[in-house]
Amino acid sequence: GQAVVFPGAMTKLMEETQIKKTRLLGGKLGKKVQSLLPDFETTLGSISRLLPLGVLEKAIGEESGRWVFDACRGIDFEEV
């Protein structure tokens, strides 16, 4: 489903959201991103805190890297 999240709540939401529970990150892409993080870092917040755009783009490609980078910050350009 979809939900409206106010900007002030975004950081907390991302710190609580597991990578493997996120749409499009439950399979190979998510495992690749997870492999770039320390073992105990397993949330979207971990990605946004620890992985710069360049690292993501180098590891998973420019388009996927940008998508993950944006998604972990609550940015999604997909039509509703």
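Good morning. I begin with a polar pair: 3.0 Å separates the backbone oxygen of Gln18 from a polar atom in the side chain of Thr22. Please bear in mind throughout that this is a predicted model.

Where does Thr22 lie? Its place is the loop that runs between α1 and α2. Is Thr22 buried or exposed? The relative accessible area of Thr22 is 17%, and the cut-off for a buried residue is under 20%, so Thr22 counts as buried. Leaving aside residues up to four places away in sequence, Thr22 touches Thr17 and Leu44. Leu44 belongs to α3, which spans 44-50.

I turn now to α4, residues 53-60. Which residues of this helix are buried? They are Leu53, Leu56 and Ile60. When one looks down the axis of α4, these buried residues fall within an arc of 65°, and therefore they line one face of the helix.

Just after α4 comes Gly61, whose phi is positive, at about 100°.

A word on confidence. The mean pLDDT over the chain is 93, and 99% of the residues score at least 70. Helix α4 is where confidence is highest, at 98, while helix α1, residues 10-16, has the lowest, at a mean of 93.

Thank you; I welcome discussion.

How values were computed
Residues numbered from 1 in each chain as written. Predicted model: local features only at pLDDT ≥ 70, side-chain atom pairs only at ≥ 80, totals over all residues. Heavy atoms only, no water. pLDDT = per-residue confidence, 0-100. Helix = DSSP H or I, 4+ residues; strand = E, 2+ residues; numbered from the N terminus. Buried < 20%, exposed > 50% of the residue type's maximum accessible area, 1.4 Å probe, protein only. Arc of directions from axis to C-beta. Contact = heavy atoms within 4.5 Å. Polar contact = N/O pair within 3.5 Å; in protein donor to acceptor, adjacent residues only side chain to side chain.
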